[in-house]
Amino acid sequence: MKKNSVLKEVISWAIIIVVAFVIGNCLNKFVLLKAVIPSGSMENTLQVDDRIFGLRLAYLFSDPERGDVVMFDYPDDESVLYVKRVIGLPGETVEITEGKVYIWNDETGEDKTLLEEPYLKETPTGTYGVFHVPEGCYFMLGDNRNSSWDSRKWDNKYVSRDKIQCKAWFRYKPSFGFIK
């Protein structure tokens, strides 16, 4: 009788472990994406070695918006995950002159507007020209503009909507907090 109860206990623990494993894998595949920040390109929003979660469900019923920090497949090597801020939306024109970012949309008649960027680490420098964001794509920049490898410098300048994995959502190490 005692042998039978031990076997039942082992089976119940095995079931719990298998269920936990399945739930963890489902969360990782469909809900959350983990990343470690490897460089200072997103300072001061994200620091080197920050551990973050991205929420895969964030864009299930909506599209990325300007200012969102997103995790995506790097267009020049899709095996690499990048974290940057959405700056240019599909169909917009982005101009970077003397570190300032201007945005407009010729199709809607929108006037050229200077983008307010309170999240920047320091005053950006450099003139990079005009970028016409194709439909279904986004233009990405780092918050540490003077030290960021981003859309301005990539061979493939734009990130396709289907390559955006998730919205960067929560920092869990070295401190806790939502990402803005």
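1. The backbone nitrogen of Leu89 lies 2.8 Å from a polar atom of the side chain of Glu92. A polar contact is here a pair of N or O atoms within 3.5 Å; within protein, one atom must be able to donate a hydrogen and the other to accept it, and residues adjacent in sequence count only if both atoms are side-chain atoms. Glu92 belongs to the loop between β4 (81-88) and β5. Helices (DSSP runs of H or I, at least four residues) and strands (runs of E, at least two) are numbered from the N terminus.

2. The structure is a predicted model, in which local features need pLDDT of at least 70 and side-chain atom pairs count only at pLDDT 80 or more, while totals for chains, interfaces and linings use all residues. Residues are numbered from 1 along each chain as its sequence is written, and side-chain values use heavy atoms, with hydrogens and water left out.

3. Is Glu92 buried or exposed? Glu92 is buried, because its relative accessible area is 6%; the class "buried" means under 20%, "exposed" over 50%, and "partly exposed" in between, with a 1.4 Å probe and protein chains only. Apart from residues up to four places away in sequence, Glu92 touches Arg66, Ile87, Ile103, Trp104, Asn105, Glu110, Phe131, His132 and Val133. Contact means heavy atoms within 4.5 Å.

4. The chain as a whole has one helix and 12 strands. Of the contacts between residues at least 6 apart in sequence, 60% join residues at least 24 apart.

5. The overall dimensions deserve a comment. The C-alpha trace spans about 80 × 35 × 25 Å along its principal axes. The radius of gyration of the chain is 21 Å, whereas a compact globule of 180 residues would have a value near 16 Å. This radius is taken over C-alpha atoms, and the globule rule is 2.2 Å times the number of residues to the power 0.38.

6. Buried residues account for 39% of the 180 residues. The chain exposes about 10500 Å², of which carbon and sulfur atoms supply 59%; accessible areas come from the Shrake-Rupley method with a 1.4 Å probe, and for residues only the protein chains shown count as cover. There are 23 positive and 26 negative side chains, and the centres of the two sets lie 13 Å apart. Lys and Arg count as positive and Asp and Glu as negative, with His and the chain ends not counted; each charge is placed at NZ of Lys, CZ of Arg, CG of Asp or CD of Glu.

7. The loop between β1 (32-36) and β2 (51-55) contains Asp50. Asp50 is buried, because its relative accessible area is 3%. With which side chain does the side chain of Asp50 make a polar contact? The partner is the side chain of Arg171, at 2.7 Å. Leaving aside neighbours within four places in sequence, the contacts of Asp50 are Ala35, Val36, Ile37, Arg171, Lys173 and Pro174.

8. Most residues other than glycine have a negative phi, and most peptide bonds are trans. Asp49 is not a glycine, yet has a positive phi of about 75 degrees. Asp49 lies in the loop between β1 and β2 and is partly exposed, with a relative accessible area of 47%. Asn44 is placed in the loop between β1 and β2 as well, and the peptide bond from Glu43 to Asn44 is cis, with omega near 5 degrees.

9. A cis peptide bond also runs from Lys173 to Pro174, with omega near 10 degrees. Pro174 is situated in the loop between β11 (164-173) and β12 (177-178). Pro174 counts as exposed because its relative accessible area is 68%. The C-alpha atoms of Pro174 and Glu110, 64 residues apart along the chain, are separated by 42 Å.

10. Thr97 is found in strand β5 (residues 93-97) and counts as partly exposed, at 26% relative accessibility. The side chain of Thr97 makes a polar contact with the side chain of Glu95 at 2.9 Å. Beyond neighbours within four places in sequence, Thr97 is in contact with Tyr102, Gly126 and Thr127. Glu98, in the loop between β5 and β6 (100-105), has a positive phi of about 50 degrees although it is not a glycine. Glu98 is exposed, at 63% relative accessibility.
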